[in-house]
Amino acid sequence: MVVLVKIDQYNQPEARMDWISIDKALTELAVRKQTLYAYVSRGLVRAKADESDPRRSLYSASDVGKLKGRRRGARRRSEVAAGAIAWGEPVLESAISTVRDGQLIVRGRSIEQLAAKYTLEDMARLLWNADDIPAPNPSRRTPGATPKARAFTMLARRAAEDAPSLGRNPKALRADAWSILFEFAHVLCGESGKGAMHDRLARAWKLDARGAHLIRRALVLMADHELNPSTFAVRIAASPGAPLAACMLSGLSTLAGPLHGEAPARALAQLDQLTEAKNIAAEAKAMVARGDQIAGWSHPLYPDGDIRAVNLLAALKPKPAIARALRALQQETGDKPNCDAALAAMTRELGLPDDAPFSIFALARMAGWLAHAMEQREAGRIIRPRARYTGL
């Protein structure tokens, strides 16, 4: 969602500013929509809702003009790199996935098309350019009181034991990848069992066929999302040839941050606060008025709404109280729910344990991380940015 900035923060009355349409801004800057949205999220271009059509945004002509002048001038290489590291243009080439014009594209196919029928195993085969899905190997028993604890323990053990990825051929790496994915599913489900991963999760959580279908859809929707923080961490670890399991441990460690894989937990607490209130609309208004940090809303890459959340919520059809909570926050914030809010809604709708969103997110993203690790090894380059020194 495009960030709406209060104009008084810039000491410039809104009435004195000129606002232009997105088409005009794109023409002036000669960039794509994704790049313009990145400029807005980084505070380089101010935006506001178009009063004649609230679904559209207008952009500050003066900011566009200043940025256009900067783009014309020669920028040092370090400045370009620093600008690209935060919601800028992709810093690595990848044929795996991208967000383009509000759509998530995986190997040339829309995520909505894939979510309609694919399993996570199918997604892994697509992401890895694998020919088939092998039978899972028996997994060791991994100690740990929670799925998250077992996941970290399992990857740490394999990171220490498995062979480096450097010098391995693609077939050997894919064999490692299947082994890691199957064992990771085992530690998260808490039982080996048979069947697809979404069915195993559904059995562990005692879900019916509808619940299993929704878990399948969520796993596919979350499987990959181009260069997010955890995926970037995976590629960094893969670039010098670390074992695939060590690369996955880098990704899982990054995912554990409250602004990434743990964001659904914050959205879940917020959803509970709203649904337990006597007046959901009034509580949402109070939350925004207090300046509470609203978790699970808007996404810089999806100005018109996170397509993953749209797809999952449409299939979920949540209960009235959950639906009212989502509508109330959307009305008060002017933003739309992202995948974190959608996972929180699914958790309460299906009666899942509170740590279920992390398990779903981590298992799904494991397929994408493994794809990126193998692609990085194929590239054969070490990722080594330079620092812009600001010390004495």
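This is a predicted model: local features need pLDDT of at least 70, side-chain atom pairs count only at pLDDT 80 or more; totals for chains, interfaces and linings use all residues.
**A quick tour of the protein chain**

Residues are numbered from 1 along each chain as its sequence is written, and side-chain values use heavy atoms, leaving out hydrogens and water.

**The whole chain**

- You'll find 18 helices and six strands here, taken as DSSP runs (helices are H or I, at least four residues; strands are E, at least two) and numbered from the N terminus.
- Of the contacts (heavy atoms within 4.5 Å) between residues at least 6 apart in sequence, 74% link residues at least 24 apart.

- Three strands make an open sheet, in the order 4-5-6 with antiparallel pairing; strands count as paired if DSSP finds at least two bridges between them.
- Strand 4 (97–100) and strand 6 (109–110) sit at the edges with a single partner strand each, so one side of each has no neighbour in the sheet.

**Strand by strand**

- Four bridges tie strand 4 to strand 5, and Arg-100 has Gln-103 in strand 5 as its bridge partner.
- These two strands form a hairpin with two residues between them, and Asp-101 in the turn has a positive phi of about 55°.
- Strand 5 (residues 103–106) joins strand 6 through two bridges, with Ile-105 partnered by Ser-110.
- On strand 4, Ser-97 and Val-99 form the covered face, while Thr-98 and Arg-100 form the uncovered one.

Technical notes: Buried means under 20% relative accessible area, exposed over 50%, partly exposed in between (1.4 Å probe, protein chains only).
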